[in-house]
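Open the model in a viewer and keep the selection tool at hand. The stops below go from the ligand to the sheets and then to the annotated regions.

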Amino acid sequence: MSLFEDYQPIAAIAVTPSGVKRLLSLCDATDAILWIPASCQEAIDGKTLTRVQVYTGSLTDHLAKIWPDCRAFIFCLATGAVVRAIAPLLQHKSIDPAVVVVDEAGKFTISLCSGHQGGADCLTQAVAHQLGATPVLTGASSALQLPGIDVLGVPFGWNRGEGNWTAVSAAIARQEPVEVIQEVGCTLWQENLPEDHPFILELPNDTTPHKLEAKTPKARVWISATQRQFAPDSDFPKVQWHPRVLWVGVGCERGTSRRVVETAIAQVCQSHHFAQAAIAGIATIDIKADEVGLLELCEARQWPLKTFPSEVLKSVAVPTPSTVVEQEVGTPSVAEAAAIVAAHGLTSPGEMRNSLLVSKQIFRLEGEPGAVTIAIGQSEREYTGREGKLWLVGTGPGALNQMTPAAQTAIATADLVIGYTLYIDLIKPLLRPGQLVQSLPITQERHRAQLAIAFAEWGLTVAVISSGDAGIYGMAGLVLEQLREGNWDGQTPGVQVFPGITALQAAASRVGTPLMHDFCAISLSDLLTPWTMIEKRLEAAAAADFVVALYNPRSRTRTEQIATAQAIFLKYRKPDTPVAIVRSAYREDEQITLTTLEQLLENPIDMLSTILIGNQSTSFYENWMITPRGYLGFETR
Ligand code: SAH
């Protein structure tokens with residue numbers, strides 16, 4: 001599993017020894033193939049690396065060969081040279097690969113071409129995080145902190161429809177008011193716009209005052225299942241996105257050809273002004289799961305084929321039941337019932353009926369075998385056609401430079417970032433314009449986990465962020481626990497955990513080397529753990545002379561626990577045992593207090609602090625807390 005999965009295959013290209021060195025480690029991180037000229041072979045020290053391949057002949061010729069097969073290119077080469085090399089190969093922004101340029105010093109990554117639809121802007125930022133470089137994005141929408149209008153629906157699997165995309169993008173770049181009429185599909189993108197965004201958002205049934213604002217729109221974006229025809233050169237440009245909300249219920253005779261079904265669907269869509277791009281998939285009865293014409297059609301159009309047993313279909317109330325059909329297959333309706341069930345998931349039958357937009361119609365085509373029945377249902381939530389992922393990301397103690405490049409990359413490339421409000425604020429600089437963010441109050445951890453899982457199951461790549469390490473008193477455990485409760489198969493959604501520097505490491509680094517020998521972490525929070533258990537651990541750790549890091553030491557309501565912990569330690573350790581209280585390590589309000597076990601409670605302690613209690617041989621030297629590497633002077637001989 002790679003963070004760069006969505007860009008594969010990636011070709012990296014360097015033509016100088018230092019360029020080769022710059023890209024080598026990046027290729028490991030990105031799973032790219034590094035192409036080098038024979039003259040650079042020395043730069044890889046004669047190693048036969050599987051990721052490195054040597055090209056012969058000119059770079060231009062070589063590029064022409066690999067261009068059609070790559071989704072992304074990363075060049076370590078002067079931008080001018082790259083521009084000349086790729087110029088003859090460029091066709092259109094809707095199909096060209098992402099092109100990213102890295103300078104030899106590794107200071108900058110430049111999104112050169114296909115920034116939006118090709119994903120180069122996002123890849124540029126991900127590569128920048130890997131290299132510790134500054135991403136250079138020159139698109140107007142990223143400067144305005146807006147999502148690109150031509151990639152708006154990508155996370156939700158929407159299809160781009162007809163319209164003058166260039167003119168609408170230009171209107172947005174000029175910050176002219178642009179009307180958005182969203183009839184279907186997820187509106188989460190609207191919640192993440194900057195305050196001064198140029199959109200006039202028209203939600204169905206919306207009566208809020210902004211409608212009264214006297215802004216005259218200069219362009220329009222439709223988000224709907226309807227196919228609209230726009231005049232090509234209108235000075236009021238329009239575009240349309242089609243969320244995939246239409247489920248086509250199909251019943252057919254055995255042996256009905258793909259052409260019959262396809263023509264029937266096209267005709268129904270045309271007569272009802274539905275965009276075929278808004279079709280989520282085909283639904284039918286399970287005995288049609290091997291119907292060749294249907295399978296061919298679904299494969300060609302990349303539509304899923306959902307099949308349901310007759311027992312499920314017959315439980316649905318439909319407008320046009322048929323006794324003939326019932327006698328044949330055991331349900332009075334196939335097309336209508338399947339469309340309804342697919343559109344609704346398997347929810348309560350009572351509310352299903354409303355979801356049918358077109359009741360059944362029968363088609364034949366002269367000269368083609370078979371007959372087909374079509375009905376169309378509309379789902380509340382669009383089908384994304386994507387396989388979601390859950391990235392459980394540890395963001396470290398606070399400062400961005402204490403976060404791993406992998407964690408930074410995960411946050412910057414996820415479709416949606418979910419976390420506690422304070423931590424979302426800390427990682428704000430990593431977020432992309434238009435990225436989806438859900439910040440939630442600290443108390444709602446389980447809710448946060450559930451929400452993240454629901455979005456990932458729906459198809460989004462979700463980064464769930466936790467301070468420190470996500471797997472240490474963090475969100476990662478909650479997410480895995482809940483996946484298990486939901487009978488997760490261990491694969492889908494895919495899960496990846498990104499480690500982070502945990503509070504005990506962060507705190508230790510600020511005071512010296514207190515954790516140099518065996519240590520343990522104990523959380524004093526008894527919200528989820530019985531206090532007797534915590535006490536037992538405190539006793540054991542104190543008796544065994546572990547250096548101990550206390551997490552969650554004291555809250556406004558939990559004030560006694562720290563006193564009990566101190567009393568337990570005093571049974572086994574000297575009163576002058578060194579203790580460090582580190583509050584908000586690596587954050588602006590960081591505070592460090594060095595004290596002793598005896599005086600511990602005379603100092604301010606709260607939920608933002610971690611307490612480190614030394615072992616028998618820990619001592620202070622100047623302002624440093626040092627636990628010797630060996631033990632009590634008995635070094636191993
Ligand atoms: N997942 C986190 C721990 C969360 S539990 C991690 O791995 O660090 C919350 C506790 O962590 C706090 O009560 C405090 O004891 C500790 N903590 C988290 N961030 C801290 C920081 N920047 N400085 C000091 N302690 C911190």
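Which residue has a side-chain N or O atom 3.0 Å from an oxygen atom of the ligand? Select Asn552: an N or O atom in its side chain is at that distance from the ligand oxygen. This counts as a polar contact, a pair of N or O atoms within 3.5 Å; within protein, one must be able to donate a hydrogen and the other to accept it, and residues adjacent in sequence count only if both atoms are side-chain atoms. The protein buries 93% of the 540 Å² that the ligand exposes when taken alone (accessible areas by the Shrake-Rupley method with a 1.4 Å probe; for residues, only the protein chains shown count as cover).

Before going on, note that this is a predicted model, in which local features need pLDDT of at least 70, side-chain atom pairs count only at pLDDT 80 or more, and totals for chains, interfaces and linings use all residues. Residues are numbered from 1 along each chain as its sequence is written, and side-chain values use heavy atoms, with hydrogens and water left out.

A polar backbone atom of Ile472 is 2.6 Å from a ligand nitrogen, and one of Ala503 is 2.8 Å from a ligand oxygen. Now show the surroundings: 19 residues lie around the ligand, with Ile472, Thr502, Met607, Ser609 and Thr610 the closest (near means a heavy atom within 4 Å).

Next, select the strands of the open, parallel sheet ordered β20-β19-β21-β18-β22. Strands here are DSSP runs (E, at least two residues), and helices are runs of H or I with at least four, numbered from the N terminus; two strands pair if DSSP finds at least two bridges between them. β20 (436–440) and β22 (494–498) are the edges, each with a single partner strand, so one side of each has no neighbour in the sheet. Zoom in on β18 (389–394), which 5 bridges join to β22; Lys389 has Gly494 as its bridge partner there.

A second open sheet has the order β23-β30-β29, with mixed pairing. Select β29 and β30 (624–626), antiparallel and joined by 3 bridges. Phe620 has Met625 as its bridge partner in β30.

Finally, colour residues 389–600, where UniProt places "domain: Tetrapyrrole methylase" in an unreviewed entry. UniProt positions use the numbering here, feature names are shortened, and annotations may be inferred rather than shown by experiment. Over this range the chain is 35% helix and 24% strand.
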